[in-house]
Amino acid sequence: MTKVKAANGKLGILTPGMGAVASTFMAGVIAVNKGISKPIGSVTQMGNIRLGKRTENRNPLIKDFVPLAKLTDIVFGGWDIFEDNMYESALNAKVLEQSLLDQIRPELEAIKPMTAVFDRSFVKRLDGPNVKKAATKMELAEAVMEDMRRFKEENGCDRLVMVWCGSTEIYMEESDVHSSVEKLEAGLRNNDPNIPPSMIYAYAAVKMGVPYANGAPNLSCDVEAMVELSKQTRTPIFGKDFKTGQTLMKTIVAPGLKVRALGIHGWFSTNILGNRDGEVLDDPDNFKSKEVSKLGVLEEILQPEQNPDLYGDLYHKVRINYYPPHGDNKEGWDNIDIFGWLGYKMQIKIDFLCRDSILAAPIVLDLALFLDLAKRADFYGIQEWLSFYLKSPQAAKGLQPMHDIFLQNQKLLNTLRHLMDEELITHLGLDYYY
Ligand SMILES: NC(=O)c1ccc[n+]([C@@H]2O[C@H](COP(=O)([O-])OP(=O)(O)OC[C@H]3O[C@@H](n4cnc5c(N)ncnc54)[C@H](O)[C@@H]3O)[C@@H](O)[C@H]2O)c1
């Protein structure tokens, strides 16, 4: 007997930020619904899950196993500081080909951004005309809640989900105003400077019981107050920062080196990218948010304190360089200095010619569908089982986030099995190196 409510009616997926990632995601789902393409890279749509013993040969698609919203039941909306509709935004982003966009033009043109909550002090490189004005941050949050109510009503949605696809804000640390719901609400009323726009959207969503995921490294829902609010309103939340290019590779390669007890002296990672995201990240304060999000990964996977001979001297460096000619086609280089038997040195070089938004779009879809599922299953608070999708996954207080993609995958699949009363699969001994 499943404990999950059925996915009846329409699901509204709302994205604060309607640039390259959001337009690629929306265009992709529309193209799939029109039979033009396939949702490659989406685990919910294309991934299988093994059930029972290997001899039972049960391997359904995940979407046939858990009651997810259907792609044809999705309605799109969002907010941006620019007025471009999703066709114009997709054209600007230059990710998808004109021939594809031509086939879905009317559907994309119909998706227009609502006026954004924006404050330039958090994203200095951007400015746009489509911005809300209000006396306090609380009034801005209320305006976002009103937008959501109106959107739900006008589009006949049964449920909503919000996924932050906006720019990376400047680096901030958790402070007193983020420590409880009471303080955060007082801060919203008093225009506390430590509350960025992404947190205002997150507050509005979670206050209304709308699941919220954060695709950028901003603090957003990753503070005590938001976790507390998510429990009060029984709302699933999860952040932060889509795990797409280089960090995806890192969390695939590092666990492999670790299980073979190979040592690592150094890991130098550098990226060049030329999209608007790259331009925002060219500012040192915004880059700092990304750097912190990217750096935590290796330490957690390799656990140098437990393996000082292998990883005690690891030098890990991450750079991002804005290089307009590459557009959204990011190039991520990794130079990995490793050592083996008797300390003999070796090197691994990875040159990942990836496409940022092509990798991120299916993550937006999966996070939205799984958070909607979580809500219907009455899961609330931090959804650690979705760590698979994020560079810097939130963890319960006092716990280290889990970065190893294989363990993350196990946790995701076992959560789905648990939800559907299927036997958990532990592959006895998989966790032996932890
Ligand atoms: N593409 C990837 O592989 C990837 C991976 C991890 C994280 N991310 C993050 O996802 C986010 C989106 O990336 P992108 O490539 O689409 O960037 P983008 O610059 O193309 O789009 C971001 C959009 O957000 C808008 N925006 C900024 N602040 C806003 C606000 N307060 N309210 C509403 N809109 C706002 C901008 O106007 C812009 O249109 C970035 O933060 C990026 O760091 C992307």
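1. The protein is divided into domain 1 (10-242 + 358-419) and domain 2 (246-353), with bounds that come from an automatic or database domain assignment. Between the C-alpha centres of domain 1 and domain 2 the distance is 26 Å. Each side supplies residues to the contact, 26 residues from domain 1 and 26 residues from domain 2; two residues are in contact if their C-beta atoms, placed from the backbone, lie within 7 Å. On the side of domain 1 that touches domain 2 there are 11 nonpolar, seven polar and eight charged residues. In these classes Ala, Val, Leu, Ile, Met, Phe, Trp, Tyr, Cys and Pro count as nonpolar, Asp, Glu, Lys and Arg as charged, and the others, Gly among them, as polar.

2. This is a predicted model, in which local features need pLDDT of at least 70, side-chain atom pairs count only at pLDDT 80 or more, and totals for chains, interfaces and linings use all residues. Residues are numbered from 1 along each chain as its sequence is written. The average pLDDT (the predictor's confidence in each residue, from 0 to 100) is 93 for the protein, and 97% of the residues score at least 70. Over residues 429-434 pLDDT stays under 50, and the model has three contacts beyond four places in sequence for them.

3. Seven strands form an open sheet with parallel pairing, in the order β3-β2-β1-β4-β5-β6-β11. The edges are held by β3 (114-115) and β11 (381-382); each has a single partner strand, so one side of each is left without a neighbour in the sheet. Strands (E, at least two residues) and helices (H or I, at least four) are DSSP runs, numbered from the N terminus, and two strands pair if DSSP finds at least two bridges between them. Within the sheet, β4 (residues 157-164) and β5 (residues 212-214) are parallel and share three bridges. W164 has N214 in β5 as its bridge partner.

4. Strand β7 (residues 263-273) runs antiparallel to β9 (residues 331-339), with nine bridges between them; F268 is opposite N335 in β9. Nine bridges also link β9 to β10 (residues 345-353), again in the antiparallel sense, and here D337 is opposite Q347 in β10. A hairpin is formed by β9 and β10, with five residues between them, and L342 in its turn has a positive phi of about 65 degrees.

5. The ligand is surrounded by 36 residues, the closest being G17, G19, V21, A216 and R276; a residue counts if its C-beta atom, placed from the backbone, lies within 6 Å. Elements giving two or more residues to this shell are α1, β2 (74-80), α12 (276-281) and α15 (356-376). Helix α15 has the largest share, four residues. By class the shell holds 20 nonpolar, 11 polar and five charged residues. Both domain 1 and domain 2 give residues to it, so the ligand lies between them.

6. I30 belongs to helix α1 (residues 20-33). I30 is buried, with 23 C-beta neighbours inside 10 Å; the cut-off is 20 or more other C-beta atoms within 10 Å, with 12 or fewer for exposed and partly exposed in between, C-beta atoms being placed from the backbone. Beyond neighbours within four places in sequence, I30 contacts I104, E107 and L108.

7. A374, in helix α15, is also buried, with 24 other C-beta atoms within 10 Å. Residues up to four places away in sequence aside, A374 touches P211, P236, F379 and Q383.
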